[in-house]
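Please keep the structure in view while reading.

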Amino acid sequence: MKKVIMLLAVLSMALSSYAQFEKGKYYVGASLTGLDLSYSGTEDFNVGLEAKAGYLLDDDWMLTAQLAFQHSGDDDVADSYSIGIGGRYYIIQNGLYLGVNAKLLHASHNHNDLMPGIEVGYAFFINRNITIEPAVYYDQSFKNHSDYSKIGFRIGIGVYL
């Protein structure tokens, strides 16, 4: 039992030793979405790229801006572009976070939508500044909930400066 407790203590110290969630830090990240890891009522296959930048306003509180492109393999569904803002709150110093955002989405078939979203993710530090960030997300469509709202998984890389 002592060995298990010591192992957990050492692991928690190793995970939290890279925490970079202090006030004044910058963040730059990119993620891959889709690859049939998301679900929407109108899309069969899709792949997306997302770029994100952020600034930690206070310890554990980050303000973010993002740009995204989503490509669908279905000819009836248009490619889409989005721009948005959001925030993250790092629940604990080992990297678990909650995020909220709002995106303005434009698709080439004259579809414009405001999409608020939420996400839960984890910033796994592979060194002092670089993270791998898996996340589960949900984006709510105001235009047509059943066809355009989306739930999915994204994997990204982040750099904390």
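The model is predicted: local features need pLDDT of at least 70, side-chain atom pairs count only at pLDDT 80 or more, and totals for chains, interfaces and linings use all residues. Residues are numbered from 1 along each chain as its sequence is written, and side-chain values use heavy atoms, with hydrogens and water left out.

**Overall fold**

- The protein contains two helices and nine strands, where helices (H or I, at least four residues) and strands (E, at least two) are DSSP runs numbered from the N terminus.
- Read from the N terminus, the order of these elements is α-β-β-β-β-β-β-β-β-α-β.
- The protein has 161 residues, of which 38% count as buried; buried means under 20% relative accessible area, exposed over 50%, and partly exposed in between (1.4 Å probe, protein chains only).
- Among contacts (heavy atoms within 4.5 Å) between residues at least 6 apart in sequence, 52% join residues at least 24 apart.
- The accessible surface comes to about 9200 Å², and carbon and sulfur atoms account for 69% of that surface. Accessible areas come from the Shrake-Rupley method with a 1.4 Å probe, and for residues only the protein chains shown count as cover.

**Aromatic rings**

- Eleven aromatic pairs are present in the structure. Rings of Phe, Tyr and Trp (its six-membered ring) pair if their centres lie within 6.5 Å; planes under 30 degrees apart count as stacked, over 60 as edge-to-face and the rest as tilted.
- The pair of Tyr90 and Tyr160 is edge-to-face, because the ring centres lie 6.4 Å apart and the planes stand at 65 degrees.
- This pair links distant parts of the chain, with Tyr90 in strand S4 (residues 80–90) and Tyr160 in strand S9 (residues 150–160), 70 residues apart.
- Tyr90 is buried at a relative accessible area of 0%, and Tyr160 is likewise buried at 0%.
- Ring pairs join Tyr90 and Tyr160 with Phe21, Tyr27, Tyr97 and Phe125 into a cluster.
- The charged end of Arg88 sits over the ring of Tyr97, 4.0 Å from the ring centre; the criterion is NZ of Lys or CZ of Arg within 6 Å of the ring centre and within 35 degrees of the ring normal.
- The charged end of Arg154 sits over the ring of Tyr137, 4.1 Å from the ring centre.

**Asp60**

- Asp60 lies in the loop between S2 and strand S3 (61–72) and is buried, with a relative accessible area of 16%.
- Asp60 has no salt bridge, and the nearest side chain of opposite charge, Arg88, is 11 Å away. A salt bridge is a side-chain nitrogen of Lys or Arg within 4 Å of a carboxyl oxygen of Asp or Glu; Lys and Arg count as positive and Asp and Glu as negative, while His and the chain ends are not counted.
- Leaving aside residues up to four places away in sequence, Asp60 touches Phe21, Arg88, Tyr89, Tyr90 and Gln93.
- Phi of Asp60 is near 75 degrees, a positive value in a residue other than glycine. Most residues other than glycine have a negative phi.

- Tyr55 belongs to strand S2 (residues 46–58) and is partly exposed, at 31% relative accessible area.
- Beyond residues up to four places away in sequence, Tyr55 touches Gly24, Lys25, Tyr26, Trp61, Met62 and Leu63.
- Asn46 is also placed in strand S2 and is buried, at 1% relative accessible area.
- The C-alpha atoms of Asn46 and Gln70 are separated by 6.9 Å, although these residues are 24 apart along the chain.
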